[in-house]
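Have the viewer open and follow along.

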Amino acid sequence: MSQALPFSVIFAAIMSIVARAYSENPEMVDIAKIDPTIVIDLRYATEQNVTGHKLYPLGTRAMILPSVAQQLAGAQNYLKQFRYRLKIWDAYRPKEAQGLLWKYAQKDQYVANPERGFGSMHSYGVSVDATLVDDWSQDASMPTKFDEFTPQAMLRYTGRDPSVKNHLTLLQLAMAHNNFYGLRVEWWHFTTADWKKYVPFWEDKQMSQASDSSPPKS
């Protein structure tokens, strides 16, 4: 009987596929090159995410479609007048990485199955996960940490901390003024309102019937 391959071998092979997926998407641009003042902290390139695993290879950059990058630059300019900046936790996510996230997160309510419908908005370069930092690059207080899938992570803040509410409202205003939708169950997730230009939503019967709704799951 043949012995099963060790997890580390399988995981390394998948990471190689993910790395190739990044290199084969020339239409994506590096957010840091469009606006170097945006802070990049890709959590899936570390173990600081819901899976406890690195899903992106070493040296992964925050990539996004050019039009979405320009929207982010607009949001950054909006925030600068209040002495805050964007921090990006995630941007383009190859479908192979989405497969790893789906496998290890075990959060069906929040994570899109890459084999069902059109999968995650991240896999088309139309979504980012974002938060705020101040002028000293210190994290602004927010309702939850990244990937904290709890009722407190809902788009509408119901807590009592005025600073958290103010920070979340500022982030949402900056993104809304630059053509982004929020996601009901994740305050940090934003998708361009023009996502249907890039996503084959007609492949998903439910979404093709919802012409004005923002896309679910991440």
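Tyr44 and Phe146 are both buried. Keep in mind that this is a predicted model. The two rings make an edge-to-face aromatic pair. Why does this pair tie together parts that are 102 residues apart in sequence? Tyr44 sits in the loop between β2 (39-40) and β3 (63-64), while Phe146 sits in the loop between β5 (127-134) and α5 (162-176), so the contact links those two loops.

Trp89 and Trp187 give another case: their planes are at 65°, so this pair is edge-to-face too. Here the partners come from strands, Trp89 from β4 (residues 84-90) and Trp187 from β7 (residues 186-192), so the pair ties together parts 98 residues apart in sequence. Buried or exposed, what about Trp89? Trp89 is buried, at a relative accessible area of 6%, and Trp187 is buried as well, at 0%.

Side by side, the two pairs look like this:

| Pair | Centre to centre | Angle between planes |
|---|---|---|
| Tyr44 and Phe146 | 5.6 Å | 65° |
| Trp89 and Trp187 | 5.8 Å | 65° |

How many aromatic pairs does a search of the whole structure find? It finds eight. Tyr44, Phe146, Trp89 and Trp187 also belong to one aromatic cluster, along with Tyr56, Phe149 and Trp188.

Now for the helix. α3 covers residues 66-80, 15 residues in total, and spans 21 Å from first C-alpha to last, close to the expected 21 Å. Its buried residues include Val68, Leu72, Ala75 and Leu79. In an α-helix, residues three or four places apart point the same way, because there are 3.6 residues a turn. Gln71, Gln76 and Tyr78 are among the buried residues of α3 as well.

Notes:
Residues numbered from 1 in each chain as written. Predicted model: local features only at pLDDT ≥ 70, side-chain atom pairs only at ≥ 80, totals over all residues. Heavy atoms only, no water. Helix = DSSP H or I, 4+ residues; strand = E, 2+ residues; numbered from the N terminus. Expected span 1.5 Å × (residues − 1). Buried < 20%, exposed > 50% of the residue type's maximum accessible area, 1.4 Å probe, protein only. Phe/Tyr/Trp six-rings, centres within 6.5 Å; stacked < 30°, edge-to-face > 60°.
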